[in-house]
Amino acid sequence: MGKVENRHQDLDLSDDQVLDMYRTMLLARKIDQRMWLLNRAGKIPFVISCQGQEAAQVGASYALNRDKDYAAPYYRDLGVVLAFGMTTKELFLAAFAKADDPNSGGRQMPGHFGQKKNRILTGSSPVTTQLPHAVGVALAAKMEGEEIASFVTLGEGSSNQGDFHEGLNFAGVHKLPVITMVENNKYAISVPLERQVASKSVADRGVAYGMPGYQVDGNDPLEVYKVVKEAHERAMNGEGPTLVEAMTERLTAHSSDDNDKAYRDKEELEEMKKKDNLISFAQYLRDVGVLTEEKEEALNKELDDEINTATDEAENAPYAEPEHTLKYVYAEEGGE
């Protein structure tokens with residue numbers, strides 16, 4: 001067997017950086033798996049999964065300036081919000097709908113991320129509404145002369161909504177520093193890609209809005225990192241927005257309320273599992289000597305302990321008081 005090419009060094013990524021990327025991907029997967037178990041045990045009401053899309057989420061996030069840039073994630077983006085600073089405990093507080101949930105104080109279903117201190121823009125239930133918000137942040141940055149970019153994600157089904165057209169058109173006209181990444185998992189709930197998009201790719205739509213569009217292997221975090229890093233450099237150089245289409249796999253049902261076996265056959269599901277981005281990236285790291293057996297064992301134990309502690313603490317945390325039902329909904333007298 002020949003020597004494996006050390007691709008991350010070609011991208012100026014250190015061994016520690018790619019190991020940290022893998023850690024975030026693995027943490028997202030383990031949190032997601034625990035949430036499914038809690039849902040099936042009747043302890044949390046709903047799960048909408050990141051499994052299969054961690055590479056795109058983490059690869060893109062690590063290409064950004066996570067100390068300054070803004071993220072407008074969509075509901076699957078556990079990898080994005082973890083990379084931007086949300087903690088394991090905070091994610092479980094949201095899953096259990098507890099008072100200290102940073103997203104909404106336990107008032108929104110899971111996946112509606114938002115955290116001011118980490119510059120994560122609040123999401124809402126209608127899909128694609130986050131795209132014009134991200135464009136607005138980019139417009140403000142340009143007006144204020146701030147060297148920041150905004151990063152927004154969505155599914156390919158959402159790329160057919162009006163907000164997608166309006167947001168990208170505005171970003172293109174005004175050459176705004178916004179990076180839009182479509183996580184194309186080939187299903188809008190149960191509707192397959194060929195019944196959603198008539199163009200050859202979602203990336204092809206970029207040229208119509210005056211920006212480059214790139215399709216990339218979303219199962220490879222290094223490929224996503226490379227493309228998003230270049231998009232970020234374009235944004236910082238005043239060259240405007242970029243559209244990225246990351247081709248991914250949705251390894252679970254659309255949500256815990258969906259039965260994907262009704263529209264995906266066993267063979268298709270088995271083929272998808274062979275493309276599991278977590279397995280392939282771990283193998284790459286082993287091949288180049290970054291992930292040793294000892295490091296892998298220690299990392300799994302560390303993350304399992306973190307998740308067990310976070311689950312217990314979140315489950316035992318208090319719910320919001322009934323008299324606080326309207327808190328965060330209406331302005332309070334004397335408040336801001």
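1. Ile179 is found in strand S3, which covers residues 178-184. The model discussed here is a predicted one. Ile179 counts as buried, because its relative accessibility is 1% and the cut-off for a buried residue is under 20%. Leaving aside neighbours within four places in sequence, Ile179 is in contact with Leu64, Ser150, Phe151, Val152, Val228, Ala231, His232 and Thr242. One of these partners, Ser150, is 29 residues away along the chain, yet the C-alpha atoms of Ile179 and Ser150 are separated by 6.3 Å.

2. Helix H10 spans residues 277-287. Its buried residues are Asn277, Leu278, Phe281, Ala282, Tyr284 and Leu285. These residues lie on the same side of H10, because they cover an arc of only 155° around the axis.

3. What do the buried residues of H10 pack against? Their partners are helix H1 (7-10), H2, helix H3 (54-62) and helix H8 (221-236).

4. Both ends of H10 deserve a remark. At its start, a side-chain oxygen of Asp276 comes to within 2.9 Å of the backbone nitrogen of Leu278. Just after H10, Gly289 takes a positive phi of about 80°.

5. Helix H5 (88-95) is mostly covered, with seven of its eight residues buried. The buried residues are Thr88, Glu90, Leu91, Phe92, Leu93, Ala94 and Ala95. The cover over them includes H2, helix H4 (78-83) and helix H11 (293-315).

6. Just after H5 comes Ala97, with a positive phi of about 60°. Ala97 is not a glycine, and most residues other than glycine have a negative phi. The residue lies in the loop between H5 and helix H6 (130-144). Ala97 counts as partly exposed, because its relative accessibility is 27% and that class runs between 20% and 50%.

7. A second case of this kind is Ile189, which has a positive phi of about 55° although it is not a glycine. Ile189 is placed in the loop between strand S4 (187-188) and strand S5 (191-192). With a relative accessible area of 42%, Ile189 is partly exposed.

8. How many cavities of 30 Å³ or more does the model contain? The count comes to two.

9. The largest cavity holds about 120 Å³ of space. Its lining is made up of 13 residues, and Met35, Leu78, Pro110, Gly111 and Phe113 lie nearest its centre. By type, the lining divides into ten nonpolar residues, two polar and one charged. Helix H2 (15-40) and helix H5 each supply at least two residues of this lining. The largest share, three residues, comes from H5.

10. The second largest cavity holds about 40 Å³ of space. The residues that line it are Ala94, Asp101, Asn103, Ser104, Gln108, Met109, Pro110, Gly111, His112 and Phe113. Here the division is four nonpolar, five polar and one charged.

11. Is Asp220 buried or exposed? Asp220 is buried, because its relative accessible area is 14%, and the limit for this class is under 20%. This residue lies in the loop between strand S6 (213-217) and H8. Leaving aside neighbours within four places in sequence, Asp220 is in contact with Arg7 and Ala55.

12. Lys275 lies in the loop between helix H9 (266-274) and H10. At 43% relative accessibility, Lys275 counts as partly exposed. Not counting residues up to four places away in sequence, Lys275 touches Asn219 and Glu249. Lys275 and Met21 are 254 residues apart in sequence, and their C-alpha atoms are 18 Å apart in space.

Technical notes. Residues are numbered from 1 along each chain as its sequence is written. This is a predicted model: local features need pLDDT of at least 70, side-chain atom pairs count only at pLDDT 80 or more; totals for chains, interfaces and linings use all residues. Side-chain values use heavy atoms; hydrogens and water are left out. On a 1 Å grid over the protein atoms alone, a cavity is a set of points where a 1.4 Å probe fits but cannot get out, and a pocket is an open set with protein on both sides within 12 Å along at least five of seven lines; lining residues have an atom within 4 Å of a point. Grid points are joined across faces, edges and corners, and a volume is the space filled by probe spheres set on the points. Helices (H or I, at least four residues) and strands (E, at least two) are DSSP runs, numbered from the N terminus. Ala, Val, Leu, Ile, Met, Phe, Trp, Tyr, Cys and Pro count as nonpolar, Asp, Glu, Lys and Arg as charged, and the others, Gly among them, as polar. Buried means under 20% relative accessible area, exposed over 50%, partly exposed in between (1.4 Å probe, protein chains only). The arc is that of the directions from the helix axis to the C-beta atoms. Contact means heavy atoms within 4.5 Å. A polar contact is a pair of N or O atoms within 3.5 Å; within protein, one must be able to donate a hydrogen and the other to accept it, and residues adjacent in sequence count only if both atoms are side-chain atoms.
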